[in-house]
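User: Hello! I would like to learn how to read a structure like this one, feature by feature. Could you take me through some examples?

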Amino acid sequence: MSDGHEHEQADPRALRAEALERLLTERGLVSTEAIDVILRRYEEDVGPMNGARAVARAWLDPAYRERLLADGTAAITELGFGGPQGERLVVVENTPKVHNVVVCTLCSCYPWPVLGLPPAWYKDPAYRSRVVREPRAVLAEFGLELPSDVEVRVWDSSAEIRYMVLPERPASSAGEDDEQLRARVSRDAMIGVARVEE
Amino acid sequence: MDGIHDLGGRQGFGGSLAERDEGVFHDDWERRVFAIASLLMGLGCFNIDEFRHAIERLDPLSYLADGYYGRWLGACELLVRAADDRPTPGRVANATALRELAAPPRFAPGDLVTTRNLHRPGHTRLPGYARARRGTIALVQGGWVLPDTNAHGRGECPEHVYAVRFAGEELWGEAAEPGTSVCVDLFESYLEPA
């Protein structure tokens, strides 16, 4: 190439994506502006910090916890979250005897309003195929060894209901305020592949 | 369809998750494909069930090799071509698939049900691993557009959805880890009283 730029083998998918965008732009169906609006929403406005707020509030406020478990969508609406993939949010509670973990074996369904977009591992064949069949082994690979007397419940999001795990509050967090508690709550704990550490 | 996407319980599709890909978007084209697909659905060019089924219809090698947004890209291409290269935003794009149903739910929490041995050639949301299995109604989840018809232009035909719990042993036999269960959200027409 004589233009002086470094050229790798262009990813065919990138070329196809460009061609698709060009076609749809010519048809007036998409625009750079519309694309930017969507990306801003999902790259900045929506993410696990939302879910962490709900978890921290539930830990501090027993009445909110009841509402969150009874109707997750209504409870997160109180905090100002909602939108696509959140029409019916079911929050499942971890206890000393029950550990919940969420998957979508058929595609990648994920509770966007509270966790944002899923990481690649959640959407890839290894997790989707294995976690329904051998959840304990999968959780161990995530660093979570569960005692045999803890029941593991896997939730396969096969319809439009979306699931989020309400992790157990660690004893060492006693006395912490909302901001401190929120900082403890990881995305992985709300999917169920981790606990919130002491 | 009994396609490559129906991965629950399949083996050989991945090794350890101890090292895993935490990224959402790896390249700019992925971000743009995500946005484009979202826009097209928002415009009503196709619905989410058609979109999911288009992904399912990708050839298996592409499905596995192209990555997640590569699948979205393939699905968009398939749907744009199928609409004779002119997706028409004439349809109403529904923001939600939740529907009020006149008929009450057939099943209640605690009911024992068996999933039907459905092998539909088109789109369905009954995973293969949960077919012809006995489970318990855990949650009654409201009325929802039926993907099996909505993906094929055969109408919304909404039904009650239930979270059905299956014991690990029921699904995997001796291979099951002890003390495990899987809850799957299933449409009423997928179920029969046990």
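Analyst: Happy to. Let's begin with accessibility: at 26% relative accessibility, Asp178(A) counts as partly exposed, because that class lies between under 20% for buried and over 50% for exposed. Keep in mind that this is a predicted model.

User: Which residue meets Asp178(A) in a salt bridge?

Analyst: The partner is Arg182(A), with N and O 2.7 Å apart. Arg182(A) is itself partly exposed, at a relative accessible area of 32%.

User: Why are Asp178(A) and Arg182(A) separated by about one helical turn?

Analyst: Because they sit four residues apart in helix α10 (residues 178-184) of chain A.

User: How many salt bridges are there over all chains?

Analyst: The count comes to 24. One of them joins Arg32(B) to Glu21(A), where the closest N and O atoms are 2.7 Å apart. This pair crosses between chains: Arg32(B) belongs to helix α1 (residues 28-42) of chain B, and Glu21(A) to helix α1 (residues 12-26) of chain A.

User: Are Arg32(B) and Glu21(A) buried or exposed?

Analyst: Arg32(B) is buried, and Glu21(A) is buried too.

User: What should I look for when salt bridges share partners?

Analyst: Follow the partners from one pair to the next. Start with Glu22(B) and Arg20(B), whose side chains form a salt bridge at 3.4 Å, N to O. Such bridges join Arg187(A), Asp188(A), Arg20(B) and Glu22(B) into one network. As for accessibility, Glu22(B) is partly exposed at 37%, and Arg20(B) is partly exposed at 26%.

User: Now for helix packing. At what angle do helix α2 and helix α4 of chain B pack?

Analyst: With packing, read the angle and the axis distance together. Helix α2 (residues 48-56) of chain B and helix α4 (residues 68-82) of chain B pack at about 110°, and their axes are 8 Å apart. The two helices are therefore roughly perpendicular to each other, because angles of 65 to 115 degrees fall in that class.

User: Which residues make the contact?

Analyst: From α2(B) come Glu50(B), Phe51(B), Ala54(B) and Ile55(B), while α4(B) brings Arg71(B), Trp72(B), Ala75(B), Cys76(B), Leu78(B) and Leu79(B). By class, eight residues in this contact are nonpolar, none polar and two charged.

User: How do I read the surroundings of a single residue? Where is Asn94(A) found?

Analyst: Asn94(A) lies in the loop between β1 (88-93) and β2 (98-103) of chain A. Its relative accessible area of 6% makes Asn94(A) buried. The side chain of Asn94(A) has a polar contact with the side chain of His99(A), at 3.3 Å. Setting aside residues up to four places away in sequence, Asn94(A) touches His99(A), Asn100(A), Val165(A), Leu166(A), Pro167(A) and Glu168(A).

User: Let me try the next one. Is Trp172(B) buried or exposed?

Analyst: At 14% relative accessibility, Trp172(B) counts as buried. It is placed in helix α6 (residues 168-172) of chain B.

User: And what is Trp172(B) in contact with, leaving aside its neighbours within four places in sequence?

Analyst: The contacts are Val132(A), Arg133(A), Gly8(B), Gly9(B) and Tyr129(B). The side chain of Trp172(B) also reaches the backbone oxygen of Val132(A) at 3.0 Å. For a comparison of sequence with space, take Gly3(B): Trp172(B) is 169 residues from it in sequence and 20 Å from it in space, C-alpha to C-alpha.

Definitions and conventions: Residues are numbered from 1 along each chain as its sequence is written. Chains are lettered from A and ligands numbered from 1 in the order in which they are written. This is a predicted model: local features need pLDDT of at least 70, side-chain atom pairs count only at pLDDT 80 or more; totals for chains, interfaces and linings use all residues. Side-chain values use heavy atoms; hydrogens and water are left out. Axes are lines fitted to C-alpha atoms, for helices over the stretch in contact, and angles run from 0 to 180 degrees between N-to-C directions. Angles under 35 degrees count as roughly parallel, over 145 as roughly antiparallel, 65 to 115 as roughly perpendicular and the rest as oblique. Contact means heavy atoms within 4.5 Å. Ala, Val, Leu, Ile, Met, Phe, Trp, Tyr, Cys and Pro count as nonpolar, Asp, Glu, Lys and Arg as charged, and the others, Gly among them, as polar. Buried means under 20% relative accessible area, exposed over 50%, partly exposed in between (1.4 Å probe, protein chains only). A polar contact is a pair of N or O atoms within 3.5 Å; within protein, one must be able to donate a hydrogen and the other to accept it, and residues adjacent in sequence count only if both atoms are side-chain atoms. A salt bridge is a side-chain nitrogen of Lys or Arg within 4 Å of a carboxyl oxygen of Asp or Glu.
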